[in-house]
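Visitor: I would like to go through this structure term by term. Please set each value against its definition.

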Amino acid sequence: MKDVFIYLLCFRFYSIYSIVLFDEIVEAIDRLAYIKNTNRSQLINDMLAEKIGLLTPQQKVTNIMNKISQLVETDSIQVKSKNDYGSLQFGTFIKYKYKPSIRYRFEFYVGNNEERYAVLKINSRSKSEDLNEHLERFFNGICYIDKNRFPEIYQREIINKAYTNSNNRFIREFLRGIPLEKMDDDSIAEYLSCYLLMIDNSLNYYFNHYNQEDVFNKIDKIYCQYLNNLNLFLK
């Protein structure tokens with residue numbers, strides 16, 4: 001028999017409990033936790049929550065990632081990896097010269113104060129100076145549109161940044177300071193999916209029209225088309 005300390009997640013905090021388990025049960029739990037890429041405490045917490053019909057924040061993240069996968073995956077955007085405990089990555093390519101690849105990655109956080117809920121990171125490993133100059137121009141344009149349009153539409157500030165000299169070309173934080181339980185899974189998944197599809201649509205439009213002077217005016221319209229009608233936040 002083993003006396004095991006369990007950290008149980010209760011939406012906003014952890015409590016520490018000691019329970020007694022058979023050695024064989026602990027060994028089986030550890031094996032399953034390894035397969036699921038998690039730890040003993042989190043796995044036991046999830047199993048108990050499922051047994052009593054309680055949805056934990058991590059299970060909510062899993063549900064949201066599954067919904068995003070269904071909404072986003074197309075012939076051109078494919079799920080590359082998914083970790084039930086916090087990350088979802090898509091792969092696509094740009095229709096530009098040698099069709100360089102792009103990675104879209106959502107990372108989900110459930111902290112004690114839930115300051116950040118999700119982060120989108122967009123990555124390119126290309127060493128082409130020409131391509132990287134275009135990516136820098138595009139994401140600087142997206143940052144400008146986002147920082148102006150989003151507060152105008154939703155009366156909320158955002159945090160985003162375009163990067164140079166980094167594989168991460170763009171990082172955007174979502175749902176900062178909004179408690180997890182304030183939004184339903186479908187609304188969160190729709191929001192994040194629409195944002196990602198807006199980026200993908202805008203990126204492809206840019207590389208087909210980057211020589212046109214009004215390219216970012218059109219991208220601004222694409223932005224509004226995807227994000228203007230979402231019912232994101234409960235009043």
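Visitor: What makes the contact between the side chains of Asp-130 and Lys-97 a salt bridge?

Guide: A salt bridge is a side-chain nitrogen of Lys or Arg within 4 Å of a carboxyl oxygen of Asp or Glu. Asp-130 and Lys-97 meet at 3.3 Å, N to O, so the pair falls within the 4 Å limit. The two residues come from distant parts of the chain, with Asp-130 in helix H4 and Lys-97 in the loop between S4 and S5, 33 residues apart. This is a predicted model, in which local features need pLDDT of at least 70 and side-chain atom pairs count only at pLDDT 80 or more, while totals for chains, interfaces and linings use all residues. Residues are numbered from 1 along each chain as its sequence is written, and side-chain values use heavy atoms, with hydrogens and water left out.

Visitor: Why is Lys-97 called exposed, and why is Asp-130 called partly exposed?

Guide: Buried means under 20% relative accessible area, exposed over 50%, and partly exposed in between (1.4 Å probe, protein chains only). Lys-97 has 65% relative accessibility and therefore counts as exposed. Asp-130 has 30%, so it is partly exposed.

Visitor: What makes Asp-220 buried, and which residue does Asp-220 form a salt bridge with?

Guide: Asp-220 has a relative accessible area of 15% and is therefore buried. Its salt bridge is with Arg-149, the closest N and O atoms being 2.8 Å apart. This pair links helix H6, where Asp-220 lies, to helix H4, where Arg-149 lies, 71 residues apart. Arg-149 is partly exposed, at 24%.

Visitor: Why is S8 described as largely enclosed by the rest of the structure?

Guide: Six of the seven residues of S8 are buried, which is why the strand is described in that way.

Visitor: How do you know that S8 pairs with S6 and with S7?

Guide: Two strands pair if DSSP finds at least two bridges between them. Six bridges join S6 to S8, and these strands run antiparallel. Strand S7 (residues 159-162) pairs with S8 over four bridges, also in the antiparallel sense. Among the bridge partners, Ala-118 has Phe-174 in S8, and Ala-162 has Phe-170 in S8.

Visitor: What is the largest nonpolar core, and which residues have the most contacts inside it?

Guide: A nonpolar core is a set of buried Ala, Val, Leu, Ile, Met, Phe, Trp, Tyr and Cys residues joined through side-chain atoms within 4.5 Å. The largest has 53 residues, and those with the most contacts inside it include Ile-68, Tyr-104 and Phe-174. H5 gives the most to this core, with 13 residues. A second, separate core has six residues, including Val-26 and Leu-43.
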